[in-house]
Amino acid sequence: MSEQVPAELLEARNKIDQIDHQLVELLAARFQLTLKVGLLKADQGLAAFDESREAQKLDELRELCQEQDLDPELITELFKRIMELSLIHISEPTRPRLSSY
């Protein structure tokens, strides 16, 4: 006999699913923008990787974590990976998907 899932639990799960979809859409938009930035940098003869920009961005994210009561180490590692994949995508824009890295 299957258990009935409480409506409140189903509602919370549905909201999580919606947020997950939004996160994926936002990541796709972010990767498209980083590709544009990479092309602009290439046109200007600038390096694809900007260490000071990355450090500044990670510092901002750590501060945001404190405001949102999130683990700054988790968010830092997550964004380091996102930035790493963005750099790979900029370097090899012909690759079909970021998920293959």
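Helices here are DSSP runs of H or I with at least four residues, strands are runs of E with at least two, and both are numbered from the N terminus. With a relative accessibility of 35%, lysine 80 counts as partly exposed; buried means under 20% relative accessible area, exposed means over 50%, and partly exposed is in between, for a 1.4 Å probe and protein chains only. Between lysine 80 and glutamate 54 there are 8.5 Å in space, C-alpha to C-alpha, although the two are 26 residues apart in sequence.

Residues are numbered from 1 along each chain as its sequence is written, and side-chain values use heavy atoms, with hydrogens and water left out. Because the model is predicted, local features need pLDDT of at least 70 and side-chain atom pairs count only at pLDDT 80 or more, while totals for chains, interfaces and linings use all residues.

Turning to the whole chain, the protein contains three helices and zero strands, in the order α-α-α from the N terminus on. Of the 101 residues in the protein, 18% are buried. The protein exposes about 8300 Å², and 55% of this is supplied by carbon and sulfur atoms; the areas come from the Shrake-Rupley method with a 1.4 Å probe, and for residues only the protein chains shown count as cover. Among contacts (heavy atoms within 4.5 Å) with a separation of 6 or more, 50% join residues 24 or more positions apart.

Two packed helices are described by the angle between their axes and the distance between the axes. The axes are lines fitted to C-alpha atoms, for helices over the stretch in contact, and the angles run from 0 to 180 degrees between N-to-C directions. Helix H2 (residues 51-68) and H3 have axes that come within 9 Å and cross at roughly 145°. This crossing of H2 and H3 is right-handed: a crossing is right-handed if the near helix is turned clockwise from the far one by less than a right angle, and left-handed if anticlockwise. On the H2 side, Glu54, Lys57, Leu58, Leu61, Arg62 and Cys65 take part, meeting Pro72, Ile75, Thr76, Phe79, Lys80 and Met83 in H3. By class, the contact of H2 with H3 holds seven nonpolar, one polar and four charged residues; Ala, Val, Leu, Ile, Met, Phe, Trp, Tyr, Cys and Pro count as nonpolar, Asp, Glu, Lys and Arg as charged, and the others, Gly among them, as polar.

The loop between H2 and H3 holds aspartate 69. Its phi is near 60°, a positive value in a residue other than glycine. Aspartate 69 counts as exposed, at 73% relative accessibility.

Helix H1 (residues 7-44) also packs with helix H3 (residues 72-91), at an angle of about 50° and with the axes 9 Å apart. The contact is formed by Leu27, Arg30, Phe31, Thr34, Leu35 and Gly38 of H1 together with Phe79, Ile82, Met83, Leu85, Ser86, His89 and Ile90 of H3. Its classes are eight nonpolar, four polar and one charged residues. The crossing of H1 and H3 is right-handed.

Isoleucine 82 is buried, with a relative accessible area of 8%. Leaving aside residues up to four places away in sequence, isoleucine 82 touches Leu27, Arg30 and Phe31. Isoleucine 82 and arginine 30 are 52 residues apart in sequence, with 9.4 Å between them in space, C-alpha to C-alpha.
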